[in-house]
Each structure stands twice: as structure tokens, then as C-alpha cells.
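Here is a short report on one structure. Look at the sequence and the model first, then read on.

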Amino acid sequence: MRNDLLLKLGLKIRYERMKKNLSQEDLAELVGLSPTSISSIETGISNLKFLSLYKIAKALDLNLGDFSNFKL
């Protein structure tokens with residue numbers, strides 16, 4: 001079941017990934033997750049672990065605070 005907060009976080013990750021012109025497969029390889037996991041994160045299905053969020057932020061040249069800058 002989707003959670004609104006997870007969906008908004010996932011959409012932010014997707015937006016930032018696309019700004020970097022990365023595919024889900026590219027991002028998955030950079031952070032050591034499967035493309036399916038990236039898809040689940042971006043669609044708000046997966047409640048990602050803090051360490052995964054940290055790795056995603058690093059791969060996108062962001063800091064964790066950048067993921068808190070979206071409207072609820």
C-alpha cells in the first residue's frame with residue numbers, strides 16, 4: 001500500500017534522477033540496489049532504509065536535507 005509521504009519522497013528522487021539524465025538501472029547500479037527496488041521507491045511502494053536514502057543522495061550529488069524540501 002502506498003503512503004503519501006513515501007510517494008512524495010519517491011517523486012523527488014525520480015525528479016532528481018531525471019535531472020541527472022540517469023535511468024533507474026543507472027541509479028540502481030550506483031547505489032547497489034536492483035532496478036525493481038528503485039522503481040518501488042519512486043512509486044512510493046517501498047519504505048526505503050536510511051542507508052539506501054543516503055546512497056541515493058550521494059549518487060545524485062545531493063545531501064539528505066534536499067529530500068526534505070518538498071511540500072506535504
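## The buried side of H2

Helix H2 buries three residues: Leu 27, Ala 28 and Val 31. Buried means under 20% relative accessible area; exposed means over 50%, and partly exposed lies in between (1.4 Å probe, protein chains only). Helices here are DSSP runs of H or I with at least four residues, numbered from the N terminus.

What do the buried residues of H2 pack against? They pack against H1, H3 and H4. Contact means heavy atoms within 4.5 Å. The face turned away from the buried side of H2 carries the exposed residues Glu 29 and Leu 30. After H2 comes Gly 32, with a positive phi near 80°.

## About the model

This is a predicted model, in which local features need pLDDT of at least 70, side-chain atom pairs count only at pLDDT 80 or more, and totals for chains, interfaces and linings use all residues. Residues are numbered from 1 along each chain as its sequence is written, and side-chain values use heavy atoms, with hydrogens and water left out.

## H2 against H3

Helix H3 spans residues 35–42. H2 and H3 pack at an angle of about 110°, with their axes 8 Å apart. The two helices are therefore roughly perpendicular to each other. The cut-offs are these: under 35 degrees is roughly parallel, over 145 roughly antiparallel, 65 to 115 roughly perpendicular, and the rest oblique. Axes are lines fitted to C-alpha atoms, for helices over the stretch in contact, and angles run from 0 to 180 degrees between N-to-C directions.

From H2, the contact uses Gln 24, Glu 25, Leu 27, Ala 28 and Val 31. From H3, it uses Pro 35, Ile 38, Ser 39 and Glu 42. By class, this contact has five nonpolar, two polar and two charged residues. Ala, Val, Leu, Ile, Met, Phe, Trp, Tyr, Cys and Pro count as nonpolar; Asp, Glu, Lys and Arg count as charged; the others, Gly among them, count as polar.

## The nonpolar core

Which residues touch the most other members of the largest nonpolar core? They are Ile 13, Leu 27, Ile 56, Leu 60 and Phe 67, out of 15 residues in that core. H1, H2, H3 and H4 each give two or more residues to this core. A nonpolar core is a set of buried Ala, Val, Leu, Ile, Met, Phe, Trp, Tyr and Cys residues joined through side-chain atoms within 4.5 Å. In soluble globular proteins, nonpolar side chains tend to be buried together.

Leu 60 lies in the segment after H4. Leu 60 is buried, with a relative accessible area of 0%. Leaving out residues up to four places away in sequence, Leu 60 touches Ile 13, Glu 16, Arg 17, Lys 20, Leu 22, Leu 27 and Phe 67. Leu 60 and Lys 20 are 40 residues apart in sequence, but 7.2 Å apart in space, C-alpha to C-alpha.

Is Asn 21 buried or exposed? Asn 21 is exposed, at 68% relative accessible area. This residue sits in the loop between H1 (4–19) and H2 (24–31). Its phi is positive, about 60°, although Asn 21 is not a glycine.

Asp 61 also has a positive phi of about 60° without being a glycine. Asp 61 is found in the segment after H4 (50–59), and is exposed at 63% relative accessible area.
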